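Here is a short briefing on a protein model. Take a look at the structure, then read the points below.

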Amino acid sequence: MDKQHCHYHQAQPATWHCAPCERHFGDCCVPLNADVPEYAPSCPLCRGQLRYLGAANSAEPFWERLPKFFAYALQPGPLMFAGALALASLFMPSVLVFWLALLSIATKYLHSVIEQASLGSNDAPSLAEAFDGSSFGAFLRQLGVFGVAMVLLWLAADFESPPLFWSVNVALVLVLPASIIRLALDKSLGAALSPAEVGQVIAAMGWRYLILCLFLFILWQSPSYLAWLLGFGLPRVVLLPVLALLFGYFGVVMCAMMGYAVFQYQGALGYVVAGDDAAQGFPEAEWRRRKALAEAEVRVKEGQGGAAVEILSSALRQDPEDLRLNERYHQLLYVLNERGDCLAHLPGYLALACRSNPQLAANAFLNARQLQADFLPDDPLICERIAGVLLDRHKTREGLSLLRNLHQRFPQYPHGARAYLLAARGFAEGLGQADAAGKLLAFIRQRYPESPLLGEVEALERVLARMAAQGS
Ligand SMILES: [Zn+2]
Ligand SMILES: [Zn+2]
């Protein structure tokens with residue numbers, strides 16, 4: 001099965017689906033509310049109930065998380081399991097009943113690993129889970145599966161044709177993991193032996209099932225190989241528990257991988273599970289603004305600009321001071337050419353943006369100039385701030401237009417000297433008009449004789465004089 005992505009963000013895996021709208025949504029478009037976890041999100045378009053897809057599209061592929069399987073088997077539960085196997089191999093008397101009990105517990109434990117991993121859990125089950133009444137049943141069923149495999153192999157050997165024997169052998173090795181997965185999840189021998197049920201597991205994974213088999217085969221060989229490497233000159237009494245320990249450890253790694261493969265292909269297998277790595281919700285206020293932003297974006301991409309404006313303006317009534325909401329609202333009105341609304345929103349937005357991000361204020365001002373050629377903010381501090389940003393961006397004429405006649409427009413403004421010094425720098429550095437800059441500096445001296453900035457005025461005058469001397 002191919003992965004589905006958010007209809008509006010092609011890089012994001014789909015986690016929700018609306019059947020009537022025929023749209024997939026990712027976590028990007030459907031933020032969750034951490035304060036109300038039981039809240040079921042609705043479709044951003046039709047407000048209908050969304051169907052949850054779990055981690056079917058977002059689960060990391062099993063072949064990309066191999067180290068995590070090895071780490072998984074280093075948790076207390078698996079380590080105790082491997083340790084118990086090692087101790088048993090050393091001290092357990094060779095009484096059939098004891099060994100049957102041990103194998104039952106081992107089978108049950110490994111099955112629980114598959115089961116928990118298939119739910120996307122990163123935590124290994126505790127060893128205690130293997131000690132319940134059902135463990136002997138699990139062992140018998142697993143024994144039944146192995147028994148049927150043996151019988152098939154024995155029948156194939158009867159034909160005395162090596163190609164046939166090896167084909168059956170390879171086929172069994174390939175089918176066995178899917179059968180074990182079925183057995184661990186469904187706990188029924190019928191399912192584990194049913195070609196349809198086992199085939200469904202293989203079909204869900206497609207050719208990637210072969211990768212799983214390859215990994216499992218390598219892991220299966222690893223304990224004996226490692227023991228062989230370690231085992232030179234070691235006495236049997238040491239080698240045996242080491243081998244048992246390695247088998248326990250690698251067994252858990254294999255089962256964690258099989259279980260995770262089920263988790264990854266849950267969609268194709270008909271499961272819906274979120275797993276431990278599922279997206280977390282946001283605190284109420286953050287959730288509200290993210291929801292508004294996401295839904296407005298969806299509406300814009302659907303060509304429903306008016307609805308997007310509606311969503312953002314109602315969000316702004318709740319959070320009038322949110323910069324991101326204001327910025328989106330401004331951009332949207334500007335792009336939609338809603339001239340009146342856009343200009344009406346500007347005074348508040350410019351004041352907010354000047355406080356927290358003057359670059360955004362400068363962008364909005366340039367937009368406003370497109371809507372109204374002589375637009376000027378009605379606050380001298382905002383004019384000065386935006387002018388500073390625009391001069392830095394070498395938008396000198398636009399910047400200077402904000403400062404023109406500032407002392408007449410705002411006679412009470414206490415920072416007139418600072419604003420005109422900025423303008424003088426703009427004329428000198430941005431336009432190379434030393435004369436105009438000099439006139440402004442003279443004006444500052446005359447109108448603001450007490451200004452603490454006169455030192456800087458003088459410094460700039462010296463620069464201008466030097467420029468004039470070099471130029472002549
Ligand atoms: Zn999205
Ligand atoms: Zn819908």
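The donor residues of the zinc ion (ligand 2) follow the spacing C-x2-C-x21-C-x2-C in sequence. This is a predicted model, in which local features need pLDDT of at least 70, side-chain atom pairs count only at pLDDT 80 or more, and totals for chains, interfaces and linings use all residues. Residues are numbered from 1 along each chain as its sequence is written, chains are lettered from A and ligands numbered from 1 in the order in which they are written, and side-chain values use heavy atoms, with hydrogens and water left out.

**Zinc ion (ligand 2)**

- Its protein donors are Cys18 (SG), Cys21 (SG), Cys43 (SG) and Cys46 (SG), at 2.2 to 2.3 Å. Donors are N, O and S atoms within 2.8 Å of the metal (3.2 Å for Na, K and Ca); water is not among the atoms, so sites may look incomplete.
- The site of the zinc ion (ligand 2) is tetrahedral, with angles of 108 to 112° among its four donor atoms. Four donors count as tetrahedral if all angles lie between 85 and 135 degrees.
- Cys18 in strand 1 and Cys43 in the loop between strand 2 and strand 3 link distant parts of the chain, 25 residues apart. Strands (E, at least two residues) and helices (H or I, at least four) are DSSP runs, numbered from the N terminus.
- Cys18 is buried, at 1% relative accessible area. Cys43 is buried too, at 0%. Buried means under 20% relative accessible area (1.4 Å probe, protein chains only).

**Largest pocket**

- The largest pocket has a volume of about 1,300 Å³. A pocket is an open set of points on a 1 Å grid where a 1.4 Å probe fits, with protein on both sides within 12 Å along at least five of seven lines; lining residues have an atom within 4 Å of a point.
- The lining has 41 residues, and those closest to the centre are Phe146, Ile180, Trp220, Phe247 and Met254.
- Helix 9 supplies the largest share of the lining, ten residues.
- The lining divides into 33 nonpolar, eight polar and no charged residues. Nonpolar means Ala, Val, Leu, Ile, Met, Phe, Trp, Tyr, Cys and Pro; charged means Asp, Glu, Lys and Arg; the others, Gly among them, are polar.

Note on methods:
Points joined across faces, edges and corners; volume = space filled by probe spheres on them. Tetrahedral: all angles 85-135°; square planar, octahedral: opposite > 155°, others 65-115°. Buried < 20%, exposed > 50% of the residue type's maximum accessible area, 1.4 Å probe, protein only.
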